[in-house]
Amino acid sequence: MAAIDCNGRLSDATVIPSLGWLAGTRLDIRVSGGLVLLTADPQAVFRVTRPGQVRLPATVRHWCGLVPGTRVLLVADAERLVVHPPAALHAMITAFHTAVLGGEAV
């Protein structure tokens, strides 16, 4: 878990470095299915700002309802970072509860 700071940055000392991204690594950042996907891409515009730190563009934050202080789940998936905003986590938990328990999460 990580919190969005007032400048749209996410900092994590474990998950982000596990991808081998150093400061300056260029990143493709896109939204898909309510998740934010970050992938290393030498042609991309965005960059790792410091080791273990990435900044999400304002448009991405707006689309996903991310404001300063919002906590997100970070998952290193193969060679990409998946950011799970609260709305995506809620949708996944609700679907899981419906499938397992036969009803929605409370």
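**Charges, overall form and strand pairing**

The protein chain carries 9 positive and 7 negative side chains, and the centres of these two sets lie 10 Å apart. Here Lys and Arg count as positive and Asp and Glu as negative, with His and the chain ends not counted; each charge is placed at NZ of Lys, CZ of Arg, CG of Asp or CD of Glu. The model is predicted, so that local features need pLDDT of at least 70 and side-chain atom pairs count only at pLDDT 80 or more, while totals for chains, interfaces and linings use all residues. Residues are numbered from 1 along each chain as its sequence is written, and side-chain values use heavy atoms, leaving out hydrogens and water.

Of the 106 residues, 36% count as buried (under 20% relative accessible area, with a 1.4 Å probe and protein chains only).

The protein chain has 3 helices and 8 strands, in the order β-β-α-β-β-β-β-α-β-β-α. These are DSSP runs numbered from the N terminus: helices are H or I with at least four residues, strands E with at least two. Strand β5 (residues 46-50) pairs in the antiparallel sense with strand β3 (residues 26-32) over 2 bridges, pairing being assigned if DSSP finds at least two bridges. Within this pair, R26 stands opposite R47 in β5. β5 also pairs with strand β6 (residues 53-55), again antiparallel and over 2 bridges. The two form a hairpin with 2 residues between them, and G52 in the turn has a positive phi of about 75°.

Conventions: Buried < 20%, exposed > 50% of the residue type's maximum accessible area, 1.4 Å probe, protein only.
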